[in-house]
Amino acid sequence: MFVLCGTVTDVAGEIAEVGSAVKEFKVGDKVVAALKFWKAGGLAEYVAASGSLTVLRPDGVSAAEAAGLPMAGLTALQALKAIGTQFNGTGSGSNILITAASGGVGTYAVQLAKLGNHNVTATCGARNVELVTSMGADEVLDYKTPEGAALNNSSGKKYDYIVNNAKGGKWSEFKPTLSSRGRVVDVAPPSFGNVVAWILTRFTKKKLSVFLMSLTMGELRFLLDLVKEGKLKTVIDSQHPFEKAAEAWDKCLSGHTTGKVIIEI
């Protein structure tokens, strides 16, 4: 079984046993599942997963690729849907900024945004600029440079939308970079200041909204299909055996991983 380190709620593997009421799965099926957040428990040889939070893993999609999708992939997908993104090639696209673009959510968000025909500016550390560019970003800013810290792209255009994945991102920093009716979708754990901005900007043209992801298996199937078709890639920082799970966990908590950290059991 493959477990996504950092949440221990995302797992992929093979079904060993099914409950008497389960009809859509059988022993031996290769699946990916999201465990309930308040129970977690994914860092184990066997887990009990709800049938309603489990989907079949398509042929051609590895367990490691699939294990990265539930939390991070769905967060990226739903954040982009929240700004009206179409993924069938019909959307006109907008000028958007994706912060912390080399992280788990960010790497998915950049790829999905390009599928939605958006013009994407992304921020990340210098060592990941090439990677994020390869994900399809139109411009990548090193967040430690003056331009990156100010979130200013080279064209000088304001952003229609900002998908913020960066802890510590502030409304006061985002607001000057937004177009007249621009909007921030705050995916990162919200700060007190951003919660206040969320409330106050309900009555202004420029807005910030606090985002909460929901576990939707139809959308997870959609993401798996994109991976199978080669349209979406799970960026894997590293894979670790179960015996080195503590080492993998420390890497997750460092806040400087590139993509996903996977534990193989």
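Contact means heavy atoms within 4.5 Å. The model is predicted, so local features need pLDDT of at least 70 and side-chain atom pairs count only at pLDDT 80 or more, while totals for chains, interfaces and linings use all residues. Residues are numbered from 1 along each chain as its sequence is written, and side-chain values use heavy atoms, with hydrogens and water left out.

**Exercise 1. Describe the surroundings of Met213.**

Step 1. Helices (H or I, at least four residues) and strands (E, at least two) are DSSP runs, numbered from the N terminus.

Step 2. List the partners. With neighbours within four places in sequence left aside, Met213 is in contact with Pro70, Met71, Leu74, Thr75 and Gln78.

Step 3. Take one of these partners, Met71. Met213 and Met71 are 142 residues apart in sequence, and their C-alpha atoms are 8.0 Å apart in space.

Step 4. Classify the exposure. Buried means under 20% relative accessible area, exposed over 50%, and partly exposed in between (1.4 Å probe, protein chains only). Met213 has 23% relative accessibility, so this residue counts as partly exposed.

**Exercise 2. Determine whether Ser238 is buried or exposed, and find its polar contacts.**

Step 1. Ser238 belongs to strand 11 (residues 236-241).

Step 2. Ser238 counts as buried because its relative accessibility is 16%.

Step 3. A polar contact is a pair of N or O atoms within 3.5 Å; within protein, one must be able to donate a hydrogen and the other to accept it, and residues adjacent in sequence count only if both atoms are side-chain atoms. The Ser238 side chain makes such a contact with the side chain of Asp237 at 3.0 Å, and another with the side chain of His240 at 2.8 Å.

Step 4. Beyond its neighbours within four places in sequence, Ser238 is in contact with Lys251, Lys260, Val261 and Ile262.

**Exercise 3. Work through salt bridges of the structure, and state which parts the Lys114 pair ties together.**

Step 1. A salt bridge is a side-chain nitrogen of Lys or Arg within 4 Å of a carboxyl oxygen of Asp or Glu. The structure holds four salt bridges.

Step 2. Asp29 forms one with Lys26, with the closest N and O atoms 2.9 Å apart. Asp29 is buried, at a relative accessible area of 11%, whereas Lys26 is exposed, at 53%.

Step 3. Lys114 forms a salt bridge with Asp138, with the closest N and O atoms 2.8 Å apart. Lys114 lies in helix 3 (residues 104-115) and Asp138 in the loop between helix 4 (129-134) and strand 7 (139-142), so the pair ties together parts that are 24 residues apart in sequence. Lys114 is partly exposed at 27%, and Asp138 is partly exposed at 43%.

Step 4. Lys231 forms a salt bridge with Glu229, the closest N and O atoms being 3.4 Å apart. Lys231 is partly exposed, at 47%.

**Exercise 4. Explain why strand 2 is largely enclosed, and identify its pairing.**

Step 1. Strand 2 covers residues 10-14, and four of its five residues are buried, so the rest of the structure largely encloses this strand.

Step 2. Two strands pair if DSSP finds at least two bridges between them. Strand 2 pairs with strand 3 (residues 30-34) in the antiparallel sense over five bridges.

Step 3. Within this pairing, Val11 stands opposite Ala33 in strand 3.
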